[in-house]
Protein chains: 2
Amino acid sequence: MSSRAPWLFALLLLLFRPAFAADASKRKPLTMADVLAATQAADWQALDPENTVYLELASGRVVIEMAPNFAPLHVSNVKALAREHYYDGLSIVRAQDNYVVQLADPNAEKPELARKIQHAKRTLPPEFDRALDPKLPFTRLPDGDVYAPQVGFSGDFPVARDPKSGKMWLIHCYGMVGAGRDAPADSGGGTELYVVIGHAPRHLDRNVTLLGRVVQGIELLSTLPRGTGALGFYEKAEQRVLIKAIRVAADVPLTERTDLQVLRTDTAVFKDLIESRRNRREDWFKFQAGHIEICNVPIPVRVRQ
Amino acid sequence: MSSRAPWLFALLLLLFRPAFAADASKRKPLTMADVLAATQAADWQALDPENTVYLELASGRVVIEMAPNFAPLHVSNVKALAREHYYDGLSIVRAQDNYVVQLADPNAEKPELARKIQHAKRTLPPEFDRALDPKLPFTRLPDGDVYAPQVGFSGDFPVARDPKSGKMWLIHCYGMVGAGRDAPADSGGGTELYVVIGHAPRHLDRNVTLLGRVVQGIELLSTLPRGTGALGFYEKAEQRVLIKAIRVAADVPLTERTDLQVLRTDTAVFKDLIESRRNRREDWFKFQAGHIEICNVPIPVRVRQ
């Protein structure tokens, strides 16, 4: 183009550059605190109680938002398992540093002792990725990614997309929740759940079904003593951490719910938030990174206002 | 080239492609276990006791390897502070989930109570980056990076380089250790040390001096209860975690040292290890990522053999 129609290029420059420049100069660079202070009620969205589960430990409650757009079978099955009290009395059996904690039935391998399933399913077809649906919201990050052609946010979740293969999938960022599986791809289903408590293990992307993320209470999991067995499994039964229950928020009396709102990711405000993290404007910073990696973008959460 | 000399392109293909193909097909894909099982003594390197410090807690020892090639002033000052017992009796005052733990003098702001410094320095010029020295070893990763033009390993550390600005710097991966500072760039010096216990906070790169990394015992830090104050500071004095001592390994009797070896990063073996993590060959994996991000490459450590 530039060799055939330099005048067109110049015209385009004249038309658009001053507008961009004026726009940029008008706006004071914002910190995340500035962005959040300026949010309106419509910028926040309450968690859907039908797609939120509470993992109840003696130390408190872990609130998990589930992602039916990405793992509909698994989300539905986790709810079914929760509703038949499958998880109640199971344990966190594994805590591997800089990796994951995992809950499971410690007796899963012993047929006579293993927890029975009534109506839910023990295993499901994998939901490692799904068809790329351009109608699903997608706020794309401008800085690329080491692992995927496109990354951004869809709903309240970090998402990768590959237009060439026509697929999209959830990303293993800190706090993401997945369905553990054995060697066969279809051996998971939600009876074992893991939560990422370390640097994003992106090699797990598309290898295992992610179904949600922790929006509150991650520190109850990330501070658990690490298991000393292979893969961080606890070697003694008494080291395991009891799961009091997993409950679907919709089934919990209103007064006992944790009423949270998450900042919407499909808004201009969220784009401002991304920019406030790409280039940190707090006085402490001497150097602006000018880039951000998907798992370093926070999705703010607050008590409903 | 392709339009002017297609024959040259074809010739190059003929010359090189079969060789590459043969080479690749000769070699069985390796898992990390395969790579480590085949290592020789020369692939491992003992920690230098003069550049290793032990952070002694009631719960055990955290072994920190320091990086004099990247932060010579800070490394030297941490050793001087350790040798005059500056750290002994101070505390971990902060544990922020998915971010850092930090040790400091809880009385730093109270002149009459603050720990005195005898011979070491309280503050130092920043060592946020350094001149790119092409003579320093650098095993570059093939998959790029969201934040820096080049990333790889130099010695036992994850390093970024920018040939344009002629700079190189340490990267804030999990387990990296830095010198906390206040707002002025030259207000740090090693009297406060932080350790990354979450997803790599790369926005800190070039904003604060990194001086080493934890090679053993990170779980003693990553499992600490998170502080409930702003930035994860403990709100009550009794929540703080006592630092029994920081000692330079060289000053510790041989029988009391933690005698570790780290896999060298300037070898063909380490390149094999990187490849074994870019494309996971363990049976469990269904999908090969084909890429790896710098903070997902492990640097194996073992007891000296």
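## Close-up views of a predicted two-chain model

**View 1. A salt-bridge network in chain A.** A:E50, A:K79, A:R83 and A:D251 are joined by a network of salt bridges. The model is predicted. Side chains of opposite charge can pair when their charged atoms come close. Over all chains, a search of the whole structure finds 34 salt bridges.

**View 2. The A:E56–A:R61 pair.** A:E56 and A:R61 form a salt bridge. Their closest N and O atoms are 2.9 Å apart. Are these two residues buried or exposed? Both A:E56 and A:R61 are buried.

**View 3. A salt bridge between two loops of chain A.** A:D97 and A:R226 meet through their side chains in a salt bridge, 2.7 Å from N to O. A:D97 sits in the loop between β4 (91–95) and β5 (100–104), and A:R226 in the loop between α4 (219–222) and β14 (241–242), so the pair ties together parts that are 129 residues apart in sequence. A:R226 has a relative accessible area of 13%. That value counts as buried because the cut-off is under 20%.

**View 4. Positive phi in the loops of chain A.** Most residues other than glycine have a negative phi. A:N98 has a phi near 55°, a positive value in a residue other than glycine. A:N98 belongs to the loop between β4 and β5 of chain A. With a relative accessible area of 22%, A:N98 is partly exposed. A:L231 also is not a glycine, and its phi is positive, about 60°. A:L231 lies in the loop between α4 and β14 of chain A.

**View 5. The A:E282–A:R280 pair.** The side chains of A:E282 and A:R280 form a salt bridge, at 3.2 Å from N to O. A:E282 is partly exposed, with a relative accessible area of 25%.

**View 6. Helix α3 of chain B.** Helix α3 of chain B covers residues 72–83 and has 12 residues. From first C-alpha to last, α3 reaches 16 Å. That is close to the 16 Å expected at 1.5 Å a residue. Which residues of α3(B) are buried? They are B:H74, B:V75, B:N77, B:V78, B:K79, B:L81 and B:A82. An α-helix has 3.6 residues a turn, so residues three or four places apart point the same way. Just after α3(B) comes B:H85, with a positive phi of about 60°.

**View 7. B:T31, a buried loop residue.** B:T31 lies in the loop between α1 (6–26) and α2 (32–37) of chain B. Its relative accessible area is 13%, and B:T31 is buried. Which residues does B:T31 contact, leaving aside its neighbours within four places in sequence? They are B:S276, B:R281 and B:E282. B:P163 is 132 residues from B:T31 along the chain, and their C-alpha atoms are separated by 33 Å.

**View 8. B:K135, an exposed loop residue.** B:K135 is found in the loop between β6 (130–131) and β7 (139–140) of chain B. B:K135 is exposed, with a relative accessible area of 73%. B:K135 and B:V208 are 73 residues apart in sequence. From C-alpha to C-alpha, B:K135 and B:V208 are 24 Å apart in space.

**View 9. The interface between chain A and chain B.** In this interface, 42 residues of chain A are in contact with 42 residues of chain B. The two chains bury about 3,600 Å² between them. Carbon and sulfur atoms account for 59% of that area. In chain A, A:V146, A:H199 and A:W284 lose the most area to chain B. Together these three make up 21% of what that side buries. How many salt bridges are counted between chain A and chain B? The count is 0. Polar contacts between chain A and chain B number 29 residue pairs, with both residues at pLDDT 80 or more.

**View 10. The relation between the two copies.** A rotation of 180°, with 0.0 Å of shift along its axis, superposes chain A on chain B. The RMSD is 0.0 Å. That is the relation of a two-fold axis. The same surface serves both copies, as 100% of the contact residues of chain A recur in chain B.

Methods: Residues are numbered from 1 along each chain as its sequence is written. Chains are lettered from A and ligands numbered from 1 in the order in which they are written. This is a predicted model: local features need pLDDT of at least 70, side-chain atom pairs count only at pLDDT 80 or more; totals for chains, interfaces and linings use all residues. Side-chain values use heavy atoms; hydrogens and water are left out. Copies are superposed by least squares on the C-alpha atoms of residues with pLDDT of at least 70 in both. Contact means heavy atoms within 4.5 Å. A salt bridge is a side-chain nitrogen of Lys or Arg within 4 Å of a carboxyl oxygen of Asp or Glu. Buried means under 20% relative accessible area, exposed over 50%, partly exposed in between (1.4 Å probe, protein chains only). Helices (H or I, at least four residues) and strands (E, at least two) are DSSP runs, numbered from the N terminus. The expected span of a helix is 1.5 Å times one less than its number of residues. Buried area is the accessible area (1.4 Å probe) that two parts lose on being put together, summed over both. A polar contact is a pair of N or O atoms within 3.5 Å; within protein, one must be able to donate a hydrogen and the other to accept it, and residues adjacent in sequence count only if both atoms are side-chain atoms.
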